[in-house]
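Please look through the model below before reading on. My notes follow as numbered points.

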Amino acid sequence: MTKENINRGRFIVFEGLDGSGKSTQIDLLCERLKKDGRNVVKTAEPTMLTTGGLIRDALAGNYPRSSEELSALFLADRIAHNVNPKNGIIKLLAEGADVVCDRYYYSSFAYQGMDCDLDWVIKMNIGCASVTKPDVCFFIDVPTEVCKERVDKRGGFREIFEREQNTLERVRAKYSEVFKKLEDENIVIIRSEGAPEEIAKVIYSSLPHFSD
Ligand code: TYD
């Protein structure tokens, strides 16, 4: 353990398709970390900041945006998420909190990377000094039929990427392609079979420790 790391929190990201059950796993992990006495902050992208609002308008289909525009908006939102002086990721990690984030740049690679130059999207995110690299990314891997069923059951309004099973298949294939490219990232693929509590144990036991 290096001296600078002694008090730094861990940056833990969850990724998966819409309806993959990542929210359940995020809640279970946050509870477990709190029981361990950790200061835990749960967060998500798109954020609730101004940039996140612009993105939600586009995802709802109210204001159509090209993939390039969306990539840039997600990056702007991610930078604000990192650097905002009130509760930004950089500040929270430095204060020792574990930050658990629902979606991060891997979503930009998988979703925006479907319709624009993937290498450009990767480069602008990973090359940005204000975008913290996660300590670990858990990808909750669930068959697309199961995701579709859950999204259908939830009912209500569907965002643009939640409408077709075909889109889910394309996103899943893109995540696989992306993970093969990202050799420097700590990505743990969680095959989501069995009870949520069992999956939660696998996730907990795969967490990085700074003393490793
Ligand atoms: P939302 O309903 O907020 O969350 P979730 O489906 O994860 O419960 O949807 C977020 C949507 O935004 C989702 O369809 C994926 C998409 N997205 C991108 O396209 N690029 C990104 O960089 C991020 C963070 C999300």
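1. Buried means under 20% relative accessible area, with a 1.4 Å probe and protein chains only; exposed is over 50%, and partly exposed lies in between. Five of the five residues of strand 3 (residues 98-102) are buried, so the strand is largely enclosed by the rest of the structure. Helices (H or I, at least four residues) and strands (E, at least two) are DSSP runs, numbered from the N terminus.

2. A word on provenance. This is a predicted model: local features need pLDDT of at least 70, side-chain atom pairs count only at pLDDT 80 or more, and totals for chains, interfaces and linings use all residues. Residues are numbered from 1 along each chain as its sequence is written, and side-chain values use heavy atoms, with hydrogens and water left out.

3. Now the ligand. It is surrounded by 16 residues, and the closest are Asp18, Lys22, Arg103, Ser108 and Gln112. A residue is near a molecule or strand if one of its heavy atoms lies within 4 Å of it. Helix 3 (67-83) and helix 5 (105-111) are the elements that give two or more residues to this shell. Helix 5 supplies the largest share, three residues.

4. An N or O atom in the side chain of Lys22 is 2.6 Å from a ligand oxygen. For Arg103, a polar side-chain atom also lies 2.6 Å from an oxygen atom of the ligand. For Arg78 the distance is 2.9 Å. The protein covers 86% of the 550 Å² of accessible area that the ligand has on its own.

5. At 12% relative accessibility, Arg103 counts as buried.

6. The bond from Glu45 to Pro46 is cis, with omega near -5°. Pro46 lies in the loop between strand 2 and helix 2 (50-59). Most residues other than glycine have a negative phi, and most peptide bonds are trans.

7. Asn84 sits in the loop between helix 3 and helix 4 (89-94). Is Asn84 buried or exposed? Asn84 is buried, at 15% relative accessible area. A polar atom of its side chain lies 3.2 Å from the backbone nitrogen of Lys86.

8. Last, Phe139 in strand 4 (residues 136-141). Phe139 is buried, with a relative accessible area of 4%. Its C-alpha atom is separated by 9.0 Å from that of Tyr175, 36 residues apart along the chain.

How values were computed:
A polar contact is a pair of N or O atoms within 3.5 Å; within protein, one must be able to donate a hydrogen and the other to accept it, and residues adjacent in sequence count only if both atoms are side-chain atoms. Accessible areas come from the Shrake-Rupley method with a 1.4 Å probe; for residues, only the protein chains shown count as cover.
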